[in-house]
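Q: I am new to reading protein models. Can we go through one step by step?

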Amino acid sequence: MNATRILVAQHSAITTLFEELAHERGRARARAVSRLAEELIAHMSAEESVFYPAARRVLEDEAPLGGAGRDAHLAMRMQLRRVLQATIGQPLFETSISGLRELFDRHVEEEETALFPRAEAALGHAALEVLGAAVLASRPPIWIVTTEGRELVQSADGWSLRGGVSLPTLG
């Protein structure tokens with residue numbers, strides 16, 4: 001499958017998760033935040049480890065990302081950390097999730113209108129197919145954002161995420 005189509009599908013899935021999150025409450029909202037974090041981290045990881053390096057190689061004279069791609073991902077990571085540290089339902093959480101959505105929407109707009117069309121033209125169909133397989137293979141088999149059990153605490157103020165992101169250990 002074509003790499004840019006996969007990344008656009010991931011953008012769409014993450015956008016849907018933001019929309020679902022807006023309608024959830026309590027423990028269901030905490031789980032929605034977990035799913036959002038998992039998908040966002042996996043998406044950024046695939047772009048950084050597979051797609052961006054390939055785009056840089058074929059568009060090197062045009063500086064396809066410069067620092068913009070890295071800066072956008074860094075900003076999203078920092079904002080995601082704020083989301084995961086906030087208490088769901090509190091103003092700080094709402095502000096943090098809104099900020100993350102805004103950063104993500106800008107990220108999508110930049111990639112889908114500027115970077116992806118240029119990369120598609122430069123890479124060609126066969127290379128995009130190979131990159132697509134690499135993007136899919138780059139996703140760890142299990143992402144676990146710990147918001148379950150003792151890591152999810154209900155307080156008088158609402159649900160509080162006390163978690164981080166873990167990768168499975170191999171071996």
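Q: Where does Ala86 lie?
A: First, some ground rules. This is a predicted model, where local features need pLDDT of at least 70, side-chain atom pairs count only at pLDDT 80 or more, and totals for chains, interfaces and linings use all residues. Residues are numbered from 1 along each chain as its sequence is written, and side-chain values use heavy atoms, with hydrogens and water left out. Helices (H or I, at least four residues) and strands (E, at least two) are DSSP runs, numbered from the N terminus. Ala86 sits in the loop between helix H3 (68-85) and strand E1 (87-88).

Q: Is Ala86 buried or exposed?
A: Buried means under 20% relative accessible area, exposed means over 50%, and partly exposed is in between (1.4 Å probe, protein chains only). Ala86 has 3% relative accessibility, so it counts as buried. Its C-alpha atom is 7.9 Å from that of Ser96, 10 residues apart along the chain.

Q: How many helices and strands does the protein chain have?
A: There are 4 helices and 5 strands. Along the sequence, the pattern is α-α-α-β-α-β-β-β-β.

Q: How many aromatic pairs are there?
A: A pair of aromatic rings is described by the distance of the centres and the angle of the planes. Rings of Phe, Tyr and Trp (its six-membered ring) pair if their centres lie within 6.5 Å; planes under 30 degrees apart count as stacked, over 60 as edge-to-face and the rest as tilted. The count here is 2. Phe18 and Phe104 make a tilted pair, at 5.8 Å centre to centre and 40 degrees between the planes. This pair links helix H1 (residues 3-23), which holds Phe18, to helix H4 (residues 91-137), which holds Phe104; the two are 86 residues apart. Both are buried.

Q: Why is the pair of Phe51 and Phe116 edge-to-face?
A: Their planes are at 80 degrees, with ring centres 5.3 Å apart, so the pair is edge-to-face. Phe51 is in helix H2 (residues 26-58) and Phe116 in helix H4, 65 residues apart. Phe51 and Phe116 are buried.

Q: Which residues have the most contacts inside the largest nonpolar core?
A: A nonpolar core is a set of buried Ala, Val, Leu, Ile, Met, Phe, Trp, Tyr and Cys residues joined through side-chain atoms within 4.5 Å. The largest one has 24 residues, and Leu36, Leu40, Ile97 and Leu100 have the most contacts inside it. H1, H2, H3 and H4 each give at least two residues. H2 supplies the largest share, 8 residues. Another core, of 17 residues, lies apart from it, with Phe51 and Leu131 among them.
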